[in-house]
Amino acid sequence: MSDALQTSGSLRRRLTLQLVGSAAFLAMLLFFVVLAFARDVAQQTHDSILLASATSIMDSVSVQADEVTVDIPYAALSMLGNVSDDRVFYRIAMRGQVLTGYQDLPSTSQSVRSGHSAFDTLVYKGDSIRMVTSSRRLSLNGAPADIIISVAQTREGQATQLAQLARSALQLGLGFFLVATVLAFWTAQSSIRPLKQLTEAMSRRGPKDLRPVRRPVPSEMVPLVQSLNQFIARLRVSLSRSEDFIAEAAHRVRTPLATVRAQAEITLLRVDKPENRASLREMIRAIDESSRAAGQLLDHAMVTFRTDSLEREAIDLGDLTRELVDRLHPIAELKDIALTFDGSPLPEISGDQILIQNAVRNILDNAIKYSPYESAIQVSTRQVSHTVLIQVEDEAGGFADMDTDALTQRFIRGKNAAGTIGSGLGLTIAREVVEAHGGALIIETSGSGAGACVSLSFPLA
Amino acid sequence: MRIPFISLSLIAALVALAVPTWAFEVEEHRRFGAEDARTLRILSTTDTELLAPMIDSFLELHPGVAIDYTSATSAEVMKAIMAEEHQFDLALSSAMDLQIKLANDGYTRTHHSDAVDLIPLWASWRNHVFAFSQEPASIVISPAAFAGLEIPRSRQQLISLLRKHPDRFRGRIGTYDVATSGLGYLFATQDARTSESYWRLMEIMGGLKIKLYCCSGDMIESVARGDIAVAYNVLGSYARARKDLATRIEIIEPEDYTNMMLRTAVILQTAEHPKLAGAFIDHLLRAAWDSPELPEYPFHRYPIAELAQNAPFRPIHLGPGLLVFLDHLKRKRFLAEWHSTVQQN
């Protein structure tokens with residue numbers, strides 16, 4: 001989150017580009033294959049009609065009275081006119097002599113055996129023509145004579161047809177490409193989706209949520225998620241071990257500290273020398289500080305433990321706060337602090353009573369501790385739209401310009417905290433509790449400007 | 001003596017000036033419009049008189065244009081163009097086969113316009129050859145000669161009539177001499193292609209000593225005079241045009257089938273004013289196919305829808321098939337067969 005990771009390109013973009021690239025390649029291939037195929041078919045069709053024409057002319061060739069006659073059927077040329085409006089040429093030759101037709105029609109370069117045909121694409125009268133040449137051997141006056149019939153047609157109609165085919169092939173290719181591109185985007189999007197969903201699920205998690213990932217993932221992601229889960233498990237073990245250690249340590253320290261403090265009090269009663277009494281008092285003060293710190297560490301461990309699994313019940317925050325205020329009244333009075341409570345009836349919220357008590361007590365403790373003699377602390381509870389607010393306003397001088405985030409970090413204390421017993425965990429505990437209930441802790445300068453105003457806001461269920 | 005001689009030589013000089021010396025035989029040469037105007041040169045097989053109203057209406061629409069109109073036989077038209085004398089913009093001809101040959105052999109230009117889109121598909125070829133009339137191959141008879149007989153409506157009826165009354169019709173039947181007339185040859189070949197009854201008819205007519213004519217006009221006049229009773233394969237449009245003979249002739253469009261000759265126009269490759277030639281073609285095409293019908297259009301209009309429904313009317317198809325009959329071996333064979341059928345003695 002803080003350090004920008006180096007990226008090595010985008011999976012989705014790479015996938016999309018590769019898919020679109022292959023689509024473009026395939027579309028081009030499709031275009032050329034279809035075009036070549038269509039051209040082949042068109043040419044074959046044209047050739048077969050030319051051949052039919054030449055064949056029907058060939059069938060009309062006969063030998064009558066030792067003379068070759070040709071009676072070109074009307075259909076021989078009109079069938080070519082039915083295909084396209086192209087110009088038609090023909091020639092009938094025998095033994096190198098043109099019997100009829102276009103004298104200057106070019107000859108095929110291929111050798112055509114009797115009973116066979118050959119096709120050529122040539123140029124005649126400035127136009128490209130397709131020509132078929134058929135040959136048949138006749139017997140004339142007892143000698144063989146090869147009749148060669150050529151039928152040719154210009155290729156304008158074919159060219160028009162091919163242009164249309166090319167347009168269709170192009171449209172086909174383009175259509176294929178467009179569909180494939182849309183599919184490519186969709187494919188890339190959907191194959192990246194599980195990764196995105198996992199990422200979202202992970203970033204939605206609260207800071208203390210160390211549960212392993214249980215949602216089903218695609219098989220390719222299983223190793224990654226397994227590693228992640230193992231990592232989370234290790235982290236949780238390590239975290240809970242250190243929390244346990246702190247709680248254990250605090251607990252172990254607190255009991256002997258109480259004994260030491262009792263002994264110091266007793267000793268104080270026995271000692272008369274002022275310097276000894278002073279150093280004993282200093283000792284008691286230090287012991288107090290240590291034991292308070294140990295207490296708060298324990299509280300914190302407890303809060304950490306309980307927030308992992310909140311035990312929710314219906315709580316009236318007004319009653320809870322009034323009770324605490326009543327309980328702390330005597331301590332406030334020691335410093336002549338006017339601790340007042342002002343609360344209107346509130347709807348109940350659902351939460352962990354012990355945790356919330358702990359949080360409010362920490363705030364009140366702080367207020368009393370840092371407030372000067374003969375000052376006032378006002379505690380109030382009220383409902384503001386969909387939240388219930390507990391506000392503690394003191395005249396302890398406030399937190400100057402430090403913000404809530406900084407103040408609620410562990411072991412950070414306000415600038416005016418010097419000379420007062422404290423651990424710097426109070427606000428942290430309060431914040432953790434409030435946030436575990438989905439609320440917020442807000443620290444502001446009080447309305448009078450003489451102190452701070454700490455608000456715990458809990459959302460209504 | 002002197003004066004007639006001078007006037008004769010003057011006339012001869014004028015004729016020589018007016019008609020350039022061409023390698024082909026000119027029937028008539030006339031100029032429409034101003035001398036110094038842009039001149040569209042038309043070579044045509046159509047009588048000048050017939051097309052003059054169309055030419056006049058064209059010149060009204062196109063001021064500053066003149067038309068130089070030369071008429072000749074279809075064979076001479078072909079000869080003039082093949083010789084490439086570079087003198088004509090437009091060729092109008094009734095010889096469909098020769099017009100197709102011109103287009104096929106590359107003597108013509110393509111033409112596109114709105115008017116071209118008006119005409120049916122079969123009335124043009126390659127956007128080079130455009131039909132601007134449909135003229136039936138009709139049978140013209142003399143009603144007087146048929147007195148007391150039922151008028152035949154089809155070839156079959158004509159055949160049985162001729163069989164029943166050979167003496168009445170002997171020597172009184174006429175048709176084109178297909179060896180000399182291009183149109184006669186076109187009609188005969190189309191007939192032979194369409195129906196076997198043509199040969200039967202020719203055989204009977206040949207037996208009755210058929211007379212052969214060079215042109216439709218002669219046949220029509222011959223029928224009107226009463227020289228012959230039946231003229232077969234006469235150009236119906238010419239017969240219709242002879243309103244002066246209307247009472248003495250009857251025109252029959254045979255119900256079994258009637259071949260329709262399409263008079264066609266082509267723009268020549270050597271045209272000096274191809275655009276103007278195109279405009280003239282459009283003018284003809286609108287008159288022939290578009291509505292309203294123009295009074296100056298000289299030919300009878302057969303509605304396209306009627307052509308589709310009434311099977312007897314068969315427009316001869318413009319296309320390479322017509323080239324077949326121009327093949328000299330084919331022609332030789334056909335003429336030999338025709339002569340052996342018609343000239344039986």
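Domain bounds come from an automatic or database domain assignment.

**View 1. The two domains of chain B.** The assignment divides chain B into domain 1 (2–133 + 261–320) and domain 2 (135–256 + 326–342). Their centres, taken over C-alpha atoms, lie 27 Å apart. This is a predicted model: local features need pLDDT of at least 70, side-chain atom pairs count only at pLDDT 80 or more, and totals for chains, interfaces and linings use all residues. Residues are numbered from 1 along each chain as its sequence is written, chains are lettered from A in the order in which they are written, and side-chain values use heavy atoms, without hydrogens and water.

**View 2. Where domain 1 of chain B meets domain 2 of chain B.** Contact (heavy atoms within 4.5 Å) links 17 residues of domain 1 with 16 residues of domain 2. Buried area is the accessible area (1.4 Å probe) that two parts lose on being put together, summed over both; here it is about 1500 Å², 60% of it on carbon and sulfur atoms. On the domain 1 side, B:Asp97, B:Met261 and B:Ile316 lose the most area, together 34% of what that side buries.

**View 3. Chain A against chain B.** 25 residues of chain A are in contact with 22 residues of chain B. The two chains bury about 1900 Å² between them, 49% of it on carbon and sulfur atoms. A:Tyr74, A:Asp85 and A:Arg87 supply 35% of the area that chain A buries there, more than any other three residues.

**View 4. A salt bridge between the chains.** Four salt bridges (a side-chain nitrogen of Lys or Arg within 4 Å of a carboxyl oxygen of Asp or Glu) are counted between chain A and chain B. One joins A:Glu156 to B:Arg126, with the closest N and O atoms 3.5 Å apart.
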